[in-house]
Amino acid sequence: MSFVLSRMAACGGTCKNKLSPQGPPPAPPNGLYLARKALKGLLKEAEKELKKAQRQGELMGCLALGGGGEHPELHRPGPPPPPLRAAPLLPPGARGLPPPPPLPPPLPPRLREETEEQESTCPICLGEIQNAKTLEKCRHSFCEGCITRALQVKKACPMCGRFYGQLVGNQPQNGRMLVSKDATLLLPSYEKYGTIVIQYVFPPGVQGAEHPNPGVRYPGTTRVAYLPDCPEGNKVLTLFRKAFDQRLTFTIGTSMTTGRPNVITWNDIHHKTSCTGGPQLFGYPDPTYLTRVQEELRAKGITDD
């Protein structure tokens with residue numbers, strides 16, 4: 001204060017109006033203040049450098065992912081991938097798959113030799129096959145001369161009976177095969193289908209030269225048979241028509257049920273003559289009938305091809 005008054009006295013009061021209304025000037029900064037200021041500046045610079053480094057690192061990562069650029073720092077080799085390991089072999093059951101069926105055991109040497117010998121032996125002459133001829137349908141092989149003579153006697157394979165050519169029977173020629181369908185008649189095991197009704201009608205006649213007693217009369221007859229009106233039943237119906245046209249369904253002989261001679265009888269193609277009663281009464285249910293009767297027809301050369 002004394003300094004100010006002395007200055008005012010020196011200037012004769014002229015510098016009174018030059019004094020700042022805000023009071024005395026600030027004191028010069030001491031060493032602690034300067035140190036704090038310097039430290040604060042260093043911290044700001046360090047923060048700027050850190051942010052700059054972070055931005056540069058993010059940019060390098062983006063370039064490395066995008067595959068751009070050729071900077072060596074972006075292509076530093078990473079650690080090698082772990083070696084691939086083969087999956088352990090598990091039994092099929094452990095992977096949820098059914099195990100494969102076991103392989104059949106090999107034939108004993110003696111049985112294998114017998115099988116090979118049978119394949120090279122003619123079933124007719126029992127000698128070694130000469131000029132082998134294999135039948136087309138059943139694939140049985142014979143000597144050419146043996147099978148030629150056998151087919152002249154009967155056009156069927158001597159081994160399995162498979163017929164070759166068209167077999168014609170001695171069924172009376174004046175018969176008729178009538179077919180109708182009844183949707184209300186249901187057969188056991190085929191309740192969701194209707195029924196095929198087959199009616200065979202033969203008037204009386206006289207036996208011909210192909211019959212057991214030529215010139216002898218035979219009485220007429222009517223027979224009824226039933227098939228399920230399903231796809232397989234209709235297939236059997238088609239085969240029955242072929243057999244009837246080839247005169248194979250009936251023949252003339254002695255009745256197995258009555259013992260009467262010179263009558264029209266069935267000829268080894270089994271029909272269901274009753275709707276119920278099972279196989280014992282020639283009716284249904286009979287789960288394998290449609291398959292069995294097709295085998296009987298095939299043996300006579302009646303097929304769907």
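Reader: Where is the place of threonine 249?

Author: In this predicted model, threonine 249 sits in the loop between α5 (231-245) and β8 (250-253).

Reader: Why does threonine 249 count as buried?

Author: Its relative accessibility is 1%. Buried means under 20%. Threonine 249 therefore counts as buried.

Reader: Which residues is threonine 249 in contact with, leaving aside neighbours within four places in sequence?

Author: Among them are Gln171, Tyr200, Phe240, Phe244, Trp266 and His271.

Reader: Which residues have the most contacts inside the largest nonpolar core?

Author: Ile198, Tyr200, Leu227 and Phe240, in a core of 31 residues. β4 (195-202), β7, α5, β8 and α6 each supply at least two residues of this core. The largest share, six residues, comes from α5.

Reader: What does leucine 227 touch, not counting residues up to four places away in sequence?

Author: Its partners include Ile198, Val236, Leu237, Phe240 and Tyr284.

Reader: Which residues lie nearest the centre of the largest pocket?

Author: Arg223, Met256, Thr257, Trp266 and Phe282, out of 28 lining residues. The space in this pocket is about 710 Å³. β7 (221-228), β9 (263-266) and α6 (289-299) each supply at least two lining residues.

Reader: How many residues of each class are in that lining?

Author: The lining of the largest pocket has 11 nonpolar, 10 polar and seven charged residues.

Notes
Residues numbered from 1 in each chain as written. Predicted model: local features only at pLDDT ≥ 70, side-chain atom pairs only at ≥ 80, totals over all residues. Heavy atoms only, no water. 1 Å grid on protein atoms, 1.4 Å probe; cavity = no way out; pocket = protein on both sides within 12 Å on 5 of 7 lines; lining within 4 Å. Points joined across faces, edges and corners; volume = space filled by probe spheres on them. Helix = DSSP H or I, 4+ residues; strand = E, 2+ residues; numbered from the N terminus. Nonpolar A, V, L, I, M, F, W, Y, C, P; charged D, E, K, R; others polar. Buried < 20%, exposed > 50% of the residue type's maximum accessible area, 1.4 Å probe, protein only. Contact = heavy atoms within 4.5 Å. Core = buried A, V, L, I, M, F, W, Y, C linked by side-chain atoms within 4.5 Å.
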